[in-house]
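Have the sequence and the model open while you read.

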Amino acid sequence: MRNNGDEEVIKKATITKSDNNDMTRKGALSVRNVTKIYDPEGVHVVALENCSLDIKAGEFVAVVGPSGCGKTTLLNIIAGFDSLTHGEIYLDNELLAAPGVKPKPGPDRVVVFQHGALFPWKTVLDNVIYGPVIQKKMSRSEAIEIARDKLSRLGLKEIENVYPGQLSSGMQRRVEIVRALINNPLVLLLDEPFRGMDSVTKSASHEALLELYDIFHKTIYFITHDLEEAIFLSDTVVVMTTRPGKIRMTIEVDLPRPRDYRMLSTPKFLELKEMAKDAVHEEALKAFQRGERELA
Ligand code: ADP
Ligand code: MG
């Protein structure tokens, strides 16, 4: 028997061609030799060093690595919240970040934070439409139309008048992702969105994110500590070295989509996990021995 009322309203989402069309897909990220030094004149923390990574348009990349290795730093630079010291980042071959280029967040790159940011006093629908309406990008009625479309395709229409406090954390996170999608971004940046969730909520959230990815197919940069989660969700797992962060290895996850939990026990899955485990463990040990603080 299910006792979680939230999950009961979830209906199967529908996939339409226009959302999932290879020909029109955009959102390729190219991170080239990026170095980030915090406080260069003072403490001089080298967070990233010569870090290079290519993410294809519509690719789901999961980034793993020990605390303090620079995962969030790279996310912040891509998001336009922070600058870099050396190197360049391109979005669809357009320069996004380089020394001397002023960091600029944009609706093409949306961040979903670990600790949700829904307004508790607004309904789900009002939360989803808030951004574009306040920025005068859409009229209220236009935004409502788009929001209802996205909500209903994710089986969330019945909760549009519900307040976030009435929803489980997994459901709240799903609404946040819908809110992030309303501006039709090219890239979703997720910083450990499911960290600290209990295992049932976490697996429901995985399913929801996978379903959402199968429908909207955005480029995703997904940070996690959880190697199993990384493999289960992504097309590519990127293992970063301990600070200064660079890419230690990338693993292609050639598991078919749509994915479901039965895959977690397949030989292929276990083989992929085995491939990444040693590298992750070794880097974590290095960070631990150096006394890297828990920062993520
Ligand atoms: P991760 O997300 O992988 O845990 P971060 O990107 O948050 O790592 O941090 C990378 C390194 O940069 C850490 O050693 C951290 O202490 C340092 N760092 C992060 N932000 C700042 C800052 N604003 N000033 C100085 N050092 C920072
Ligand atoms: Mg972090």
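## Ground rules

This is a predicted model, in which local features need pLDDT of at least 70 and side-chain atom pairs count only at pLDDT 80 or more, while totals for chains, interfaces and linings use all residues. Residues are numbered from 1 along each chain as its sequence is written, chains are lettered from A and ligands numbered from 1 in the order in which they are written, and side-chain values use heavy atoms, with hydrogens and water left out.

A few terms come up throughout. Helices (H or I, at least four residues) and strands (E, at least two) are DSSP runs numbered from the N terminus. Two strands pair if DSSP finds at least two bridges between them. Axes are lines fitted to C-alpha atoms, for helices over the stretch in contact, and angles run from 0 to 180 degrees between N-to-C directions.

Now look at β3 and β8. Strand β3 (residues 60-64) runs parallel to strand β8 (residues 219-223), and 4 bridges join them. Within that pair, V61 stands opposite Y221 in β8.

## The four-stranded sheet

There is also an open sheet of 4 strands, ordered β2-β1-β4-β5, with antiparallel pairing. Its edge strands are β2 and β5 (94-97), each pairing on one side only. The twist from one strand to the next averages 30°.

Strand β1 (residues 29-38) is joined to β2 by 7 bridges, running antiparallel. V31 has L53 in β2 as its bridge partner, and V34 stands opposite C51 in β2. On the β4 side, β1 and strand β4 (residues 86-91) pair in the antiparallel sense over 5 bridges, with R32 opposite E88 in β4. From β4 to β5 there are 3 bridges, again antiparallel, and I89 has A97 in β5 as its bridge partner. As background, side chains in a regular strand alternate between the two faces of the sheet.

The hairpins are worth a click. The β1 and β2 hairpin has 6 residues between the strands, and there D39 takes a positive phi near 50°. H44, which is found in the loop between β1 and β2, has a phi near 60°, a positive value in a residue other than glycine. In the β4 and β5 hairpin, with 2 residues between the strands, D92 takes a positive phi near 50°.

Then there are the cis peptide bonds. One runs from R243 to P244, with omega near -5°, and P244 is found in the loop between β9 and β10. Another joins R257 and P258, with omega about -5°; P258 is found in the loop between β10 and α8.

## Around ligand 1

R243 turns up again at the ligand. Of the 15 residues around ligand 1, G68, K71, T72, T73 and R243 come nearest (near means a heavy atom within 4 Å). By class, this shell has 7 nonpolar, 5 polar and 3 charged residues. Here Ala, Val, Leu, Ile, Met, Phe, Trp, Tyr, Cys and Pro count as nonpolar, Asp, Glu, Lys and Arg as charged, and the others, Gly among them, as polar.

A backbone N or O atom of K71 lies 2.9 Å from a ligand 1 oxygen. For side-chain N or O atoms, the distance to an oxygen atom of ligand 1 is 2.7 Å at T72 and 2.5 Å at T73. Taken alone, ligand 1 exposes 570 Å², and the protein buries 73% of that (accessible areas by the Shrake-Rupley method with a 1.4 Å probe). The elements giving two or more residues to the shell are β2 (45-55) and α2 (71-79), and α2 provides the largest share, 3 residues.

Technical notes. A polar contact is a pair of N or O atoms within 3.5 Å; within protein, one must be able to donate a hydrogen and the other to accept it, and residues adjacent in sequence count only if both atoms are side-chain atoms.
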